[in-house]
Amino acid sequence: MRPVSEHQRRIADLLGLLTPTRVAPAEARGLVLAEPVTAPEELPSFDNSAMDGYAVRAVDVAGASEAAPVRLPVAADIPAGAGIGVLEPGTAHRIMTGAPLPRGADAVVEVERTDAGTDVVTVSAAREPGSFIRTAGSDVTAGTEVLPAGTLVGAAQIGLLAALGVRAVVVRPRPRVLVCSTGSELTDDPVPAAGQIRDSNSHMLAAAVEDAGAVAIRRLWVADDVPTFLSTLDAELEAGVDLVLTSGGVSAGAYEVVKDALAPRGVEFTKVALQPGMPQGSGTYGEAAVVCLPGNPVSSLVSFEVFVRPALRASYGHPRPHRPIVRAALTEAITSPGGKRQLRRGRLDAVAGAVRPWGPPGSGFLGWMAGADCLIDVPEDVTELAGGDPVDVWDLTSWGRPATRSGGS
Ligand SMILES: Nc1nc2c(c(=O)[nH]1)N[C@H]1C(S)=C(S)[C@@H](COP(=O)(O)OP(=O)(O)OC[C@H]3O[C@@H](n4cnc5c(N)ncnc54)[C@H](O)[C@@H]3O)O[C@H]1N2
Ligand code: MOO
């Protein structure tokens with residue numbers, strides 16, 4: 001059987017790195033800059049007040065105190081958004097936070113240190129030159145690289161791009177994924193007939209694809225019929241697809257539609273030393289990468305976590321493609337099959353450093369999976385672990401906090 005790490009590499013190689021494209025900043029959220037951003041202008045773009053108060057010349061309030069306040073005529077009122085005025089010596093301008101400092105002023109006295117006068121203001125504190133002034137360029141200097149290539153674009157970066165008036169950035173695009181469940185037992189009918197079940201995998205995998213930062217361009221299911229399966233793929237691929245993600249039809253039964261359709265077309269079907277998630281398919285179809293996951297719902301989602309999620313994130317350059325791993329002590333004993341890496345569902349108490357196995361190891365227990373928040377990683381050569389033993393745990397609730405190690409190893 002193929003080791004997990006080898007199959008991870010194969011899937012990552014199949015998807016590769018997507019070609020960068022230019023998008024509006026809002027569309028870059030969650031994506032990664034493929035080219036740096038250089039500030040086209042400085043920030044702030046003009047000297048402005050950091051406080052609601054009075055713009056003055058520091059020399060005019062030198063020596064002012066509670067005991068010996070200084071009185072200055074208020075020659076102007078400067079709300080935020082006003083133009084840049086001129087302050088005559090021996091006067092004050094009432095100024096609001098963010099409003100432009102008038103020429104001639106070199107300090108702001110906060111309103112709390114005055115009597116808030118509108119015609120004449122009484123100032124009871126001296127202020128050094130530069131006090132409460134945000135000078136032009138003090139945050140960002142024009143021409144500097146503010147966001148290097150490789151930056152993950154989030155709220156702060158989008159805010160900065162907006163402040164600088166940057167209208168487009170270069171990122172790798174979200175991978176476009178076609179999610180296709182297979183199985184003649186599946187139905188979307190709210191009341192399934194005898195022997196039929198609702199399709200959970202296409203909904204689940206489409207959600208997992210979107211959580212990974214990719215786009216599930218279509219979600220569908222097809223029956224166990226090779227010509228229908230192939231004609232559906234052919235029709236859908238015209239929309240431009242980076243990855244075809246199938247579930248079901250990859251094991252050893254008489255009607256394995258995915259394997260029967262794609263094995264003759266060069267897609268490789270193999271057993272990976274993983275539980276759950278042993279039967280796996282991978283290759284290309286047309287221009288698209290193809291990953292064929294097993295149909296058992298837990299196998300499908302666990303193998304998505306192991307193989308597909310990191311490859312999708314790596315394909316758009318995510319700096320942390322893998323889930324963070326934490327070390328925790330098992331609350332109870334578990335067993336694992338020799339020769340396979342087991343990813344057992346669990347519930348992590350990160351504060352206590354403890355992890356509780358959650359539900360049986362079998363691959364059909366979706367109810368248990370939905371209550372879990374982590375995967376307990378049992379190495380291939382380990383068959384028994386006792387309560388209290390330390391284990392690696394993949395934290396499924398964390399979205400890419402830097403970790404000392406990650407699920408890639
Ligand atoms: N003789 C053998 N039988 C099986 C083997 C094997 O090696 N030899 N491997 C087992 C393992 S491990 C797995 S995992 C499954 C994988 O089977 P398939 O990928 O071919 O999946 P199906 O047979 O189509 O379905 C398995 C199971 O999952 C249900 N299913 C499938 N798709 C969906 C869906 N979209 N939504 C909800 N449930 C789904 C399906 O009804 C079956 O119960 O094979 C084992 N067998
Ligand atoms: O390996 Mo299967 O994927 O046990 O459920």
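This is a short walk through one protein chain and its two ligands, and the model is a predicted one.

Let's start with the whole chain. It holds 8 helices and 27 strands. Its radius of gyration is 31 Å, well over the 22 Å that the globule rule gives for 409 residues, so the chain is more spread out than a compact globule. Along the principal axes, the C-alpha trace spans about 95 × 55 × 40 Å. Of the 409 residues, 43% are buried. Now take contacts between residues at least 6 apart in sequence. Among those, 71% join residues at least 24 apart.

Next, the domains. The assignment gives four entries. Domain 1 is written as 4-19 + 174-315. Domain 2 is 23-42 + 141-171. Domain 3 covers 48-134, and domain 4 covers 325-395. How far apart are the C-alpha centres of domain 2 and domain 3? They lie 36 Å apart.

What does the UniProt record list for residues 178-314? An unreviewed entry there gives "domain: MoaB/Mog". In the model, that stretch is 34% helix and 30% strand. Its end C-alpha atoms sit 18 Å apart.

Now the ligands. Ligand 1 has 26 residues around it. The closest are Asn201, Gly248, Ser251, Pro294 and Gly295. Two helices, α4 (201-211) and α7 (297-315), each supply at least two residues of this shell. By type, the shell divides into 9 nonpolar, 14 polar and 3 charged.

Ligand 2 is next. Its surroundings are Gln275, Pro276, Gly277, Met278, Pro294, Asn296, Ser299 and Ser363. That shell has 3 nonpolar residues, 5 polar and no charged. Look at Pro276 again. It lies in the loop between β18 (274-275) and β19 (279-285). The peptide bond from Gln275 to Pro276 is cis, with omega near -5 degrees.

There is a cis bond elsewhere too. It joins Leu43 and Pro44, with omega about -10 degrees. Pro44 is in the loop between β2 (37-38) and β3 (48-49).

Back to helix α4. Which of its residues are buried? They are Asn201, Ser202, Met204, Leu205, Ala206, Ala208 and Val209. These pack against β12 (176-182), β15 (215-222), β16 (243-247) and α7. After α4 comes Gly213, whose phi is positive, near 90 degrees.

Now one lysine. Lys259 is found in helix α6, residues 257-262. Is Lys259 buried or exposed? Count the other C-beta atoms within 10 Å: there are 22, and 20 or more means buried, so Lys259 is buried. Leave aside its neighbours within four places in sequence. Lys259 is then in contact with Gly249, Val250, Phe269 and Gly281. Lys259 and Cys292 are 33 residues apart in sequence, yet 8.5 Å apart in space, C-alpha to C-alpha.

Ala116 has phi near 65 degrees. Its place is the loop between β7 (107-110) and β8 (120-123). Ala116 has 12 other C-beta atoms within 10 Å, and 12 or fewer means exposed, so Ala116 is exposed. Phe132 has phi of about 55 degrees. Phe132 is in the loop between β8 and β9 (133-134). With 21 C-beta neighbours inside 10 Å, Phe132 counts as buried.

Note on methods. Residues numbered from 1 in each chain as written. Chains lettered and ligands numbered in written order. Predicted model: local features only at pLDDT ≥ 70, side-chain atom pairs only at ≥ 80, totals over all residues. Domains from an automatic or database assignment. Near = placed C-beta within 6 Å. Nonpolar A, V, L, I, M, F, W, Y, C, P; charged D, E, K, R; others polar. UniProt positions renumbered as here; feature names shortened; annotations may be inferred. Helix = DSSP H or I, 4+ residues; strand = E, 2+ residues; numbered from the N terminus. Contact = placed C-beta atoms within 7 Å. Rg over C-alpha atoms; globule rule 2.2 N^0.38 Å.
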